[in-house]
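Please read them with the coordinates open.

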Amino acid sequence: MESSNVVIDDTRLKSNDHEEEDVLEDDSPLERVVVTPNVGTSNEVTQPITRVPNLDSNEPAPWVRRLHNKEDVIGDVNEGVKTRRQIANLISFTCYTSQIEPKKVDEALNDEFWVLAMQEELNQFERNEVWTLVPRPKTTNVIGTKWIFRNKSDEDGNIVRNKARLVAQGYSQIEGIDFEETFAPVAHLESIRLLLSISCVHKFKLHQMDIKSAFLNGFLQEEVFVEQPKGFMDAHHPNHVYRLKKALYGLKQAPRAWYECLTQFLVDNNYTRGSVDKTLFIKRDNDELFIAQIC
């Protein structure tokens with residue numbers, strides 16, 4: 001049913017009987033809608049009072065109130081009505097992400113969404129050329145691997161992503177064979193506070209960047225071998241292992257390898273490393289000043 005004359009009366013939002021009586025006595029030929037609270041004082045949920053025009057008569061149509069028991073309403077009536085975008089996002093997250101967080105690899109392999117997350121992680125290895133499949137060495141230590149599963153949630157608590165990460169079991173590394181040095185500088189909290197203070201005074205523009213799979217970009221100086229990930233063994237070479245070209249999460253030297261790689265990139269682009277804080281890099285280009293802080 002369509003009506004070309006609709007008036008929304010925003011002044012009549014009170015739910016007392018006096019207001020409702022005034023509305024019921026209105027003889028205006030226009031359609032009016034009065035919004036009342038969703039929850040009544042009893043166990044009934046009150047819907048908005050509406051008046052449907054009578055197309056066959058010149059008389060104004062009667063007002064109709066629809067009452068429903070709270071037990072018949074699905075969900076919490078106090079939460080309000082979700083928008084179409086919120087409902088679409090909720091349906092999308094529910095249909096395309098797993099709602100469980102597996103503790104073992106076998107549980108993840110039985111869930112198609114977690115299999116896709118694991119495959120996405122391995123695709124990162126291929127794009128970054130992290131490793132190479134080689135025959136198992138006889139006299140060299142081979143480090144085990146382990147899958148870590150985490151569900152990522154938004155501000156409303158909805159699971160929006162299934163994150164699978166393959167890490168190395170660094171506790172099995174042998175010093176002098178699998179690693180030499182593990183030290184990596186960490187930004188001082190005082191330096192970060194000072195940078196924020198200077199940016200506020202001089203109106204600097206600050207940009208925060210989170211590099212995805214950062215450790216997979218650090219080159220290794222040592223010869224490190226890891227086992228093939230569980231559930232994704234090579235069908236033709238099940239006994240082969242991977243020789244690492246770049247760092248893997250869980251390795252003792254992974255933070256140092258990533259820091260050295262990023263430092264070399266910044267120095268090659270005319271940045272100067274700080275003398276006190278080794279994670280602070282400064283570049284001057286004519287009248288412009290660039291500051292990079294590695295956290």
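1. Basis. This is a predicted model, in which local features need pLDDT of at least 70 and side-chain atom pairs count only at pLDDT 80 or more, while totals for chains, interfaces and linings use all residues. Residues are numbered from 1 along each chain as its sequence is written, and side-chain values use heavy atoms, with hydrogens and water left out.

2. Extent of H4. Helices (H or I, at least four residues) and strands (E, at least two) are DSSP runs numbered from the N terminus. Helix H4, residues 112-128, has 17 residues and reaches 25 Å from its first C-alpha to its last, close to the 24 Å expected at 1.5 Å a residue, where the expected span is 1.5 Å times one less than the number of residues.

3. The buried residues of H4 (under 20% relative accessible area; exposed is over 50% and partly exposed in between, with a 1.4 Å probe and protein chains only) are Trp114, Ala117, Met118, Glu121, Leu122, Gln124, Phe125 and Asn128. They cover an arc of only 140° around the axis, which puts them on the same side of H4; the arc is taken from the directions from the helix axis to the C-beta atoms. On the other side of H4, Glu112, Leu116, Glu126 and Arg127 are exposed.

4. Packing and ends of H4. Its buried residues pack (heavy atoms within 4.5 Å) against helix H3 (105-109) and strands S7 (131-134), S9 (145-153) and S10 (159-168). At the start of H4, a side-chain oxygen of aspartate 111 comes to within 3.0 Å of the backbone nitrogen of phenylalanine 113, and after H4 comes glutamate 129, whose phi is positive, near 50°.

5. Threonine 145. This residue of strand S9 is buried, with a relative accessible area of 8%. Leaving aside residues up to four places away in sequence, threonine 145 touches several residues, including Leu166, Val167, Val226 and Pro229.

6. Cysteines. With a disulfide taken as a pair of cysteine sulfur atoms within 2.5 Å, the count comes to 0 disulfides. Cysteine 200 is exposed at 57% relative accessible area, whereas cysteine 261 is partly exposed at 26%.

7. Positive phi. Most residues other than glycine have a negative phi. Lysine 203, with phi near 60°, is in the loop between helix H5 (189-202) and strand S11 (225-226) and is exposed at 69%. Asparagine 270, with phi near 70°, is in the loop between helix H6 (254-268) and strand S13 (272-273) and is exposed at 60%.

Definitions and conventions. Polar contact = N/O pair within 3.5 Å; in protein donor to acceptor, adjacent residues only side chain to side chain.
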